[in-house]
Amino acid sequence: MFKVIVERPRWGASHASSPKLKRTKDRTLKHIGHKRHAFESAPYTKSLNENLAPLVRFLRSRRGQPWDSVFSEICERLDTGSTVKMHVREHLEDFVLTRISIGRHGEWMFEGEVLGAHGMWFRRREFFVDPDDGILKDYALLAKRLPAANRKSAGGRA
């Protein structure tokens with residue numbers, strides 16, 4: 001999984017033309033720095049091209065399993081000894097809503113906010129960990145699994 005995720009080239013090469021003054025828009029310039037030239041003449045900047053689809057496929061294949069065992073398997077393959085592997089592990093939060101807590105009125109909360117209260121939803125993820133049983137599930141099931149307390153304005157900033 002690691003090699004598939006990491007080994008992908010950056011997109012966007014050789015954006016700006018040569019920084020010769022005769023090619024600049026302002027003919028009165030006598031000197032222009034490389035950063036300024038690149039900013040003015042490049043239509044877009046270079047960016048990292050992360051291929052995280054194998055991580056999503058792995059998570060999809062582990063739906064219905066306890067999150068602790070899924071996370072243990074990920075940690076086994078992507079140890080913290082490598083900066084790149086650690087970075088891939090940090091992307092887990094982009095795909096899995098893991099820290100759902102149960103409030104004092106029985107409502108499900110994420111980072112102090114009641115899930116689903118007053119149309120308040122968070123960044124779309126593909127999976128969530130059910131706080132009742134700790135199982136990795138599809139995010140599409142979250143709305144169906146929310147308790148009745150989430151439909152009231154209890155807890156958080158609802």
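Reader: So, what volume does the largest cavity have?

Author: About 30 Å³. Keep in mind that this is a predicted model.

Reader: OK, and which residues line the largest cavity?

Author: The lining is made up of E93, V96, L97, T98, R99, F110 and R125.

Reader: How does that lining divide into nonpolar, polar and charged?

Author: Three of the lining residues are nonpolar, one is polar and three are charged.

Reader: Switching to the sheet. In what order do the strands come?

Author: The order is β1-β5-β6, three strands in an open sheet with mixed pairing. β1 (96-97) and β6 (136-138) are the edge strands; each has a single partner strand, so one side of each lacks a neighbour in the sheet.

Reader: And in which sense do β5 and β6 pair, parallel or antiparallel?

Author: Antiparallel, with three bridges between β6 and strand β5, which covers residues 127-129. For one of the residues involved, V129, the bridge partner in β6 is L136.

Reader: Now the helices. Which residues of α4 are buried?

Author: Helix α4 runs over residues 67-77, and W67, V70 and I74 are its buried residues. They sit on the same side of α4, because the arc they cover around the axis is only 65°.

Reader: What's exposed on the face of α4 turned away from that buried side?

Author: D68 and E76 are the exposed residues there.

Reader: Last topic, confidence. What's the mean pLDDT of the chain?

Author: The mean is 76, with 66% of the residues reaching 70 or more.

Reader: Where in the chain is confidence lowest, and where is it highest?

Author: Helix α1 (residues 2-6) is the lowest, at a mean of 55, while β6 is the highest, at 94.

Terms used: Residues are numbered from 1 along each chain as its sequence is written. This is a predicted model: local features need pLDDT of at least 70, side-chain atom pairs count only at pLDDT 80 or more; totals for chains, interfaces and linings use all residues. Side-chain values use heavy atoms; hydrogens and water are left out. Two strands pair if DSSP finds at least two bridges between them. Helices (H or I, at least four residues) and strands (E, at least two) are DSSP runs, numbered from the N terminus. pLDDT is the predictor's confidence in each residue, from 0 to 100. On a 1 Å grid over the protein atoms alone, a cavity is a set of points where a 1.4 Å probe fits but cannot get out, and a pocket is an open set with protein on both sides within 12 Å along at least five of seven lines; lining residues have an atom within 4 Å of a point. Grid points are joined across faces, edges and corners, and a volume is the space filled by probe spheres set on the points. Ala, Val, Leu, Ile, Met, Phe, Trp, Tyr, Cys and Pro count as nonpolar, Asp, Glu, Lys and Arg as charged, and the others, Gly among them, as polar. Buried means under 20% relative accessible area, exposed over 50%, partly exposed in between (1.4 Å probe, protein chains only). The arc is that of the directions from the helix axis to the C-beta atoms.
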